[in-house]
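Subject: Structure handover

Hello,

Here is the structure I promised to pass on. Please have it open while you read the notes below.

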Amino acid sequence: MLDLSALVQLRQKIRHSETTNAQLLAVTGTPRRPQALLVRLPDGNTAVTTPRLTPVQALPIADVLAGRLEPGPPDTASTWTVTGEPPLVEVTVGSGRHSTVRYVRLRPQE
């Protein structure tokens, strides 16, 4: 009898990402339904989060930013800039070729 277990190789995909806090600078979409976030990372770079925020993710952001958003530059009709002290959000920053920034959660206000 042939032992198939010796022929099967298990492969595991390893994802390299780290969780970090970022300043929330602006949102895309509407103030009541943000779609993505423009964040400033600890290294000073800015990035837009991907993929699109789910309704469950967007709701607390819309609540925290209520009354704190102003329209962005005219050439970016669906961008809203945060006024005042930018809130902190937790994001994961991938490494490698596609270093995507993904929203994790809103950090508690101190």
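First, a definition: helices and strands here are DSSP runs, at least four residues long for a helix and at least two for a strand, numbered from the N terminus. Please also keep in mind that this is a predicted model.

**Overall layout**

With that definition, the protein has 1 helix and 7 strands. Read from the N terminus, the order is β-β-β-α-β-β-β-β. The protein has 110 residues, and 31% of them are buried. Buried means under 20% relative accessible area. The exposed surface comes to about 7900 Å², with 54% of it from carbon and sulfur atoms. Now take the contacts in the protein with a separation of 6 or more: 46% of them are between residues 24 or more positions apart.

**The helix**

H1 covers residues 55–65. Which of its residues are buried? They are Ala58, Ile61, Ala62 and Leu65. Seen down the helix axis, these buried residues fall within an arc of 105°, so they line one face of H1. Val56, Leu59 and Asp63 are exposed on the other side of H1. Just after the helix comes Gly67, with a positive phi of about 80°.

**The core**

The largest nonpolar core has 19 residues. Which of them touch the most other members? The answer is Leu24, Leu37, Val39, Leu41, Ile61 and Val89. Several elements each give at least two residues to this core: S1, S2, H1, S6 and S7.

Val89 is worth a look on its own. Leaving out residues up to four places away in sequence, Val89 touches Thr20, Asn21, Ala22, Leu24, Leu37, Val39, Tyr103, Arg105, Leu106 and Arg107.

Start with Thr20. Thr20 sits in S1, which spans residues 17–30. Is Thr20 buried or exposed? Its relative accessibility is 16%, so Thr20 counts as buried. Beyond its neighbours within four places in sequence, Thr20 is in contact with Pro42, Val89, Glu90, Val91 and Val93.

Next is Ala36, in strand S2. S2 runs over 33–40. Ala36 has 10% relative accessibility and therefore counts as buried. Its contacts, not counting residues up to four places away in sequence, are Ala26, Val27, Thr28, Val48, Thr49 and Leu53. Where does Arg52 stand relative to Ala36? The two are 16 residues apart along the chain, yet their C-alpha atoms are separated by 5.6 Å.

**Strands S6 and S7**

S6 spans 88–94 and S7 spans 101–106. S6 is mostly covered, with 6 of its 7 residues buried. S6 pairs with S7 in the antiparallel sense, over 5 bridges. Within this pairing, Val91 stands opposite Tyr103 in S7.

**Salt bridges**

How many salt bridges does the structure hold? There are 2.

One joins the side chains of Arg105 and Glu90, at 2.7 Å from N to O. This pair links distant parts of the chain: Arg105 is in S7 and Glu90 is in S6, 15 residues apart.

The other is between Glu90 and Arg107, at 3.1 Å from N to O. Glu90 lies in S6 and Arg107 in the segment after S7, so this pair ties together parts that are 17 residues apart in sequence.

Arg105 counts as partly exposed because its relative accessibility is 38%. Arg107 is partly exposed too, with a relative accessible area of 24%.

**Where to look first**

I would open the view on Glu90. Glu90 takes part in the salt bridge with Arg105 and in the one with Arg107. Glu90 is also in contact with Thr20. Then move to Val89, which touches Thr20 as well.

Best wishes

Key
Residues are numbered from 1 along each chain as its sequence is written. This is a predicted model: local features need pLDDT of at least 70, side-chain atom pairs count only at pLDDT 80 or more; totals for chains, interfaces and linings use all residues. Side-chain values use heavy atoms; hydrogens and water are left out. Buried means under 20% relative accessible area, exposed over 50%, partly exposed in between (1.4 Å probe, protein chains only). The arc is that of the directions from the helix axis to the C-beta atoms. Contact means heavy atoms within 4.5 Å. Accessible areas come from the Shrake-Rupley method with a 1.4 Å probe; for residues, only the protein chains shown count as cover. A nonpolar core is a set of buried Ala, Val, Leu, Ile, Met, Phe, Trp, Tyr and Cys residues joined through side-chain atoms within 4.5 Å. Two strands pair if DSSP finds at least two bridges between them. A salt bridge is a side-chain nitrogen of Lys or Arg within 4 Å of a carboxyl oxygen of Asp or Glu.
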